[in-house]
Amino acid sequence: MSCWETIADYALRSVGVGERLLPRSDFTLCQQFVLIGSGMIWNVYFGVLALFAGFFLATAVALGKAAQSPWLRKPAEWFIFLFRGSPLFIQFFFAYFLFLSLKQVAPVFTPLTSAWAGALVVLFLNTAAYSGEIFYGALLSVPKGDTEAADAYGFSGWVRFRRIVWPTMLRLAWPAYTNEAIFLFHATTLVYFSGFPAFQQRGDALYYANYFADKTFNPFVPYPILAGYFILLTLLLIALFGLINRRLNRHLPQARRAKMKLRLNLIR
Amino acid sequence: MGLPARPLRRRAAIFSYCAEPELLEGARWLACYLTTGKHMAFYASFGTVLLLLAITAPVALAFGFLGAMSARSHIFPINWLGRTYIAIVRGVPDIAFFLFFVIALDQGFEWLRHQALCPGWDQPIRQGNDFVVCDAAKLPLGTAPQWVHETYGFLLAVLTFAIVFGAFAANVLFGAMRAVPRAQIETAEAYGMSRRQSFWRILVPQMWVYALPGLSNLWMVLIKATPLLFLLGVEDIVYWARELGGTKTPRFTDYPHGDWRMWYFLALLVFYLGFTKVSEVVLGRVMQRLTFGQATAGGEAQRKAAA
């Protein structure tokens, strides 16, 4: 079987298109590359959607934590503590079994017991908490002069936030937020190892890498392939976030621009 | 015909009233349920986690120190080795490292022993999908008792954790060594100290205050990484929570119940939150202690507050 046939059979295997059966023996390098790459679809899916939705909740949580009223502040603080203070791995397990119990109560919750929805919810809340903390830190370091100038110009309420505070907050938070994004993509590999079942063996990249490592008892091929894919993904993210960073900093003189410094957060 | 409805053997119980579990109700039932032999194993697995932390933290710190030292080295291969070690854990999901190292280390050890113990072996080690070494090189030996297998698995896990976290720690320490003001080293050199002397007497004692924020962050991360032990095949708290929480029918246990896994994982969640909170408080104190009298912004703030 040529590599093109393998690509045709397995390139979309992780979403259920193409050959139904996974290869069982005589694994070729091509099969490993294609299937692990196919699994990356799920990593990108989880990462992109959770990051996008989490961004908005994170902004709300950061504002809540910076609010005067304890009715807003306390829930935001607890939310952040709950998700940052416990392992994501345990959060996945807990959420999965919680959704299983909810399913017994009302069938509305049935989709949440499968990974595409359930794990996405957990990742969304988790990244919202981590980014919320980053945004909160940035919110506190918005220069006083900026807000005073906004007040002097008669800005208030929503317009003041949208035009003055928010862009500066984003600009200050962006390097740390880039790390969070990279880190979130790495965290997506936990999904299929934490209770959520891989329906019809449709898993993410690590799921397939693990499959090959188990079958061939040779970790030296599938895991480096996985690592290669993730390094590519990381570079892509850095490039993308770098572009946004440039745009956020475009009004500043060259010397004062925030450098994108890569400081990876590790495991959650 | 028919199987006995209930297992006949009764385990020694902590409370005397646990002898007849099916008659119990309410709080007493719960007290008996939570003190069964399996639950004791569950509680002991918390000890496994703490043991892992207690061993891994210093070993990883040592790995990190060596990594940072070699990354600072002026000899090319050592410098390159140190930098690669630090760089390699970035950009790749750490869980992949855990899954990789456990098999890779195991095979690596067996291969080394194979080379040493069975020189006459002429077959290839990788035969298709099998990894074959001679019997004498197996780790642990096929004849070894169960506890040796478990300990070996645990030690592999510790080593894996130490390698991965050693790289993280190396990164932190490398940064901290560079953060020590240049003037300190220059002064040491002006006093005629050699590179080695100024490293051990000036740089190392001063770098900790710069390293501590990074290291405490790392400690938090290490705590949160401990459930991954489950993936490495160790019977840890996640294993037991899944095991004990699952639905139990009266046929196999004295304490039948439905699917309680949610509650077990809730307990784990609370455990980790508490552990994180305690660590935060303790590390805050240590930081205060270390900044005392240092020429940093933190030390300056302390001095002003006292004055």
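Predicted model: local features only at pLDDT ≥ 70, side-chain atom pairs only at ≥ 80, totals over all residues.

Mentor: Happy to! Leaving aside residues up to four places away in sequence, F89(A) touches L190(A) and S194(A) from chain A, and P227(B) and L228(B) from chain B. In its own chain, F89(A) belongs to helix α4. Is F89(A) buried or exposed? F89(A) counts as buried because 26 other C-beta atoms lie within 10 Å, and the cut-off for buried is 20 or more.

Now let's step back to where the two chains meet. Chain A brings 37 residues to the contact and chain B brings 34 residues. On the side of chain A that touches chain B, the elements giving two or more residues are α4 (88-105), α8 (205-216) and α9 (222-248). The helix that holds F89(A), α4(A), provides the largest share of that side, with eight residues. Sorted by class, the side of chain A that touches chain B has 25 nonpolar residues, ten polar and two charged.

Finally, a look across at chain B. An unreviewed UniProt entry places the feature "transmembrane region" at several stretches of chain B, among them residues 152-177 and 198-222. In the model, residues 152-177 of chain B are 100% helix, with end C-alpha atoms 35 Å apart. Residues 198-222 of chain B are likewise 100% helix, and here the end C-alpha atoms lie 32 Å apart.

Notes. Residues numbered from 1 in each chain as written. Chains lettered and ligands numbered in written order. Contact = placed C-beta atoms within 7 Å. Helix = DSSP H or I, 4+ residues; strand = E, 2+ residues; numbered from the N terminus. Nonpolar A, V, L, I, M, F, W, Y, C, P; charged D, E, K, R; others polar. UniProt positions renumbered as here; feature names shortened; annotations may be inferred. Buried ≥ 20, exposed ≤ 12 C-beta atoms within 10 Å, placed from the backbone.
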